[in-house]
Amino acid sequence: MRWQGGKGRILKPLLEVLQPLCEGATAYYEPFLGGCNVLPFIHHHDKIGNDIEPAAIAFYKYVQQGGAPLAYSPTKARYDLAKFSIQNNTELFMPLWEAFYIDRVSSYVGKYLGGWVEEKHQVKRRTELFDINLSNTTLYCGSYDSIEYKAGSLIYCDPPYVNTLGYASKFDHEGFYLWAHKQAEQSMVIISESWMPEELFTEIATIAYLHNGGSFRAVRSEKLFIPK
Ligand SMILES: C[S@@+](CC[C@H](N)C(=O)[O-])C[C@H]1O[C@@H](n2cnc3c(N)ncnc32)[C@H](O)[C@@H]1O
């Protein structure tokens, strides 16, 4: 699904790096699950997904529990209520999972809380949004550093990029660097980032992709890092 910094566009090369590292790992962790574009495609018997966005995790739990798909086109009034629900983390008007559904199908160019667009422009996702395989997966909602990580795991981190705006809270990159180093003492930690301090992290791969900006196209790249 479309998500700021979503990895759907580089899924294949990313899996070529991550899947072999999963063999023999005690568990696979994705503490920054976002649009859930990677974890469902990883083969492992013990997967753990987490994100700080309550509505996103509520939606994934709904799907995981076999909740019935929705396929309606939200009105502007319904979209505004959904946006209010997500921003205030409230289920006063609707369940959070439904608020997430409404945002995902009717937000401008798929941007999270990007503003309602008329039905004819709405993202054509509807039932497809519910087609996410979350078997063998435990879901958590909270900060990446609030969950327990089993030793010997593979931890794939896709945090907000340095200088990326738009997330609910300001991300503490320095705190994340320390945490990644601590985890690397007992597990394999792989990080997607545009830049990381080279005295602390080693770049292990660069994945080029074609960015479609509507009126222009450009070759961009995603990098993978490990703690030194
Ligand atoms: C670049 S996105 C992840 C995209 C995801 N890999 C995908 O392909 O869709 C970064 C995610 O980190 C989440 N996030 C931000 N701060 C966080 C924190 N402290 N703990 C956990 N998740 C956080 C955001 O909500 C966002 O979904």
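Five of the six residues of strand S5 (residues 188–193) are buried, so S5 is largely enclosed by the rest of the structure. Buried here means 20 or more other C-beta atoms within 10 Å of the residue's own, exposed means 12 or fewer, and partly exposed is in between, with C-beta atoms placed from the backbone. Keep in mind that this is a predicted model: local features need pLDDT of at least 70, side-chain atom pairs count only at pLDDT 80 or more, and totals for chains, interfaces and linings use all residues. Residues are numbered from 1 along each chain as its sequence is written.

**The strands beside S5**
- Strand S4 (residues 154–157) runs parallel to S5, and four bridges join the two.
- In that pair, Ile 155 stands opposite Val 189 in S5.
- S5 also pairs with strand S7 (residues 217–227), this time antiparallel and over three bridges.
- Here Ile 191 stands opposite Phe 225 in S7.
- Strands count as paired if DSSP finds at least two bridges between them; helices (H or I, at least four residues) and strands (E, at least two) are DSSP runs, numbered from the N terminus.

**Helix H5**
- Helix H5 (residues 173–183) has Phe 176, Ala 180 and Gln 183 buried.
- These residues cover an arc of only 65° around the axis, which puts them on the same side of H5; the arc is that of the directions from the helix axis to the C-beta atoms.
- Glu 174 and Gly 175, on the other side of H5, are exposed.
- What do the buried residues of H5 pack against? They pack against S4, S5 and S7, with contact meaning C-beta atoms, placed from the backbone, within 7 Å.

**Two domains**
- The domain assignment gives domain 1 (1–65 + 134–228) and domain 2 (68–129); such bounds come from an automatic or database assignment.
- Taken over C-alpha atoms, the domain centres are 24 Å apart.
- Ten residues of domain 1 are in contact with 13 residues of domain 2.
- The side of domain 1 that touches domain 2 has eight nonpolar residues, one polar and one charged.
- Nonpolar covers Ala, Val, Leu, Ile, Met, Phe, Trp, Tyr, Cys and Pro; charged covers Asp, Glu, Lys and Arg; the others, Gly among them, are polar.

**A loop residue with positive phi**
- Asn 89 has a phi near 50°, a positive value in a residue other than glycine.
- Asn 89 sits in the loop between helix H3 (76–88) and helix H4 (96–106).
- Asn 89 is partly exposed, with 13 other C-beta atoms within 10 Å.

Technical notes:
Two residues are in contact if their C-beta atoms, placed from the backbone, lie within 7 Å.
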